[in-house]
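Please open the structure in your viewer and keep the selection panel at hand. The tour goes from one selection to the next.

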Amino acid sequence: MAEVILLAEQASEKGTFRRTLPYLRPHRFALGVTLGVVGLCAVAAVALPPLVGRAVDAITAGDRAALTAAVVALFAVVAAHILLTRHSELLLMRAGEKVVRDLRERAVERLAAAPLRFLEAHRTGDLLRRATGEVAELANFVRRDLPNLVVIAATLLFTTVMLLVYSWFLLLVLAVVFVPPALYLLRSFHRRAEAVFGGQAAAETAVAATMTETLTARELLATSGALPGWLRRVRRENDDVVAATRRTSWAEVRVEGVSLIEGLAQAVLLGLGAWLAIEGHVTVGTVVVFVLASRTLFDGIGDAAQLVGEFQVARTGLARLLDLLESPGAEPAARGGGSAKRLPPRGELVLEGVGYSYLDGTEVLRSVDLAFPPGERVAVVGATGSGKTTLGKVVAGLYPPDRGRVTYCGTDLRELPGEELSRLIALVPQDVHIITGTIADNLALVPGLPGEEAVAGAVERLGLGPWVAGLPAGLATGTGVRGERLSAGERQIVGLLRAALIDPAVLVLDEATADVDPEIAGWVERALAELCAERTLIVIAHRPETVALLPRTVRVADGTVRSEGTAVRP
Ligand SMILES: Nc1ncnc2c1ncn2[C@@H]1O[C@H](COP(=O)(O)OP(=O)(O)OP(=O)(O)O)[C@@H](O)[C@H]1O
């Protein structure tokens, strides 16, 4: 089996910032300007205490001119600070939103391009949470907390430099006696934060994934009697979320000890500063600067502590999102670009020594050699679980084989760009995926967005006019949520119409196994008869009537194939 790299529920946060850099690079200009404005904003905030200090010194010296200058400067700096704060927040938000929008787009592109194997190996809820929940949390962080965090970091840095200039001694007291315990509290919080916040994200993901499965497996749960057991599981996972949230709250509460240290520091600075001022070592203004600035300092440390929690949540989510974005492999159908090679619209499809397994050691297909000359019509038959559907998906290029190769006109399907592959080979699966909307919306889901005329032409060609006329609103008939108003047979008719719009060289139809009523089966047969003209038709047949319609039969058994109509060519 080809290796599938599983995404860890709790992603490693090592190097998250470095991994984010490539996604920031396209926005470096906007981010640079933003950081410049943030820096100015922090300078304005830091300039306030010295101006108050200067005003106090001017009052004690009875210097009117100096007092007026200090007050005017104070007004100007306050006004500049207000304007710059608003502006920097807006700029930060805008730059952050651009980055988040890019990440969101990339996540959707990544999921659309992910190999089937990768998608099947993960719970849908987990992938959805990475692409939606984690991105939403990141967007919240960017809108709400990132502006504060950046302004606080810049303010802390500039305040420290400013205090050093005013009195190295008082700064030393502050730095040696009070900052270490505050930092110790923060560090111990930080150390616990990764585990507790990561645990909370993992517990929430488990609940989200189970919620999704509750909806997708609703019929099974309603009919199998498994509901009570399932609800017990939901309750257990829900309890895990509560316990994880309690741990994160407790970690946040402990860090609030920083406020206590702040009160003590201010009292000591006031007492020590007053003594130094009386002794004539510093001015009264310097003491005022220290008391005010130490408040800015501790407020900054306290706010940063609160925000570190949010930052941690965002970092955890970002790491999980980056894991998804960096997961290897892309589905051929979603590959863009590639070779510009256009293959002939009709040609031979060949399987050479094809092997495929979902699980290690259990090969569903073993060394399959098959050739489908252009225009051939083949029924693929075999017991339930023998591998017919798997063969269909390998033939359509959805599962690249683990061994051997599938070629069209001699070219390996793996080498074809996505668009070319979907133009050449169309697969109509057993249960055609229908999006919520109208039948017309569903028919539009083919390359080139066909107009009404093209759709009407396809309906006409496949002889489905009377079927469409019998629908309540023709092609504008609603399909219900994910097509629940359409029967399995009707879904296949939609699939065949899509195939007619694509006009592929090879059409693979995995016949619906659910009971298809005879009228719908009649429409499907008629449509197939029209579609098979001039193209290769491979039908994974479940009904004897279908097998009887097709000149060649291929039987799948024990992971290999045997031809019962015409010879199998290696
Ligand atoms: N996504 C999957 N992951 C793991 N095993 C799978 C997966 N899909 C199919 N299988 C297994 O592969 C084997 C072949 O399945 P496949 O659906 O190809 O058989 P089939 O002949 O089409 O069956 P049916 O006639 O019931 O549709 C089965 O044992 C099945 O359990």
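Predicted model: local features only at pLDDT ≥ 70, side-chain atom pairs only at ≥ 80, totals over all residues.

Residues are numbered from 1 along each chain as its sequence is written.

Start with residues 29–52, 64–84 and 146–163, which an unreviewed UniProt entry annotates as "transmembrane region"; such annotations may be inferred rather than shown by experiment. Residues 29–52 are 100% helix, with end C-alpha atoms 36 Å apart. Residues 64–84 are also 100% helix, and their end C-alpha atoms lie 30 Å apart. Helices are DSSP runs (H or I, at least four residues), numbered from the N terminus.

The shell includes Glu120, Tyr358, Val364 and Lys388. Helix α11 gives the most to this shell, with three residues.

Now select α11, residues 388–395. Six of its eight residues are buried, so the helix is largely enclosed by the rest of the structure. Buried means 20 or more other C-beta atoms within 10 Å of the residue's own, with C-beta atoms placed from the backbone. Among the buried residues are Lys388, Leu391 and Val395. Gly397, which follows α11, has a positive phi near 80°.

Finish with α14 (residues 452–461) and α16 (residues 488–502), whose axes come within 9 Å and cross at roughly 115°. That makes α14 roughly perpendicular (65 to 115 degrees) to α16.

Conventions. Buried ≥ 20, exposed ≤ 12 C-beta atoms within 10 Å, placed from the backbone. Helix = DSSP H or I, 4+ residues; strand = E, 2+ residues; numbered from the N terminus. Near = placed C-beta within 6 Å. Axes fitted to C-alpha atoms, helices over the stretch in contact; angles between N-to-C directions. Parallel < 35°, antiparallel > 145°, perpendicular 65-115°, else oblique.
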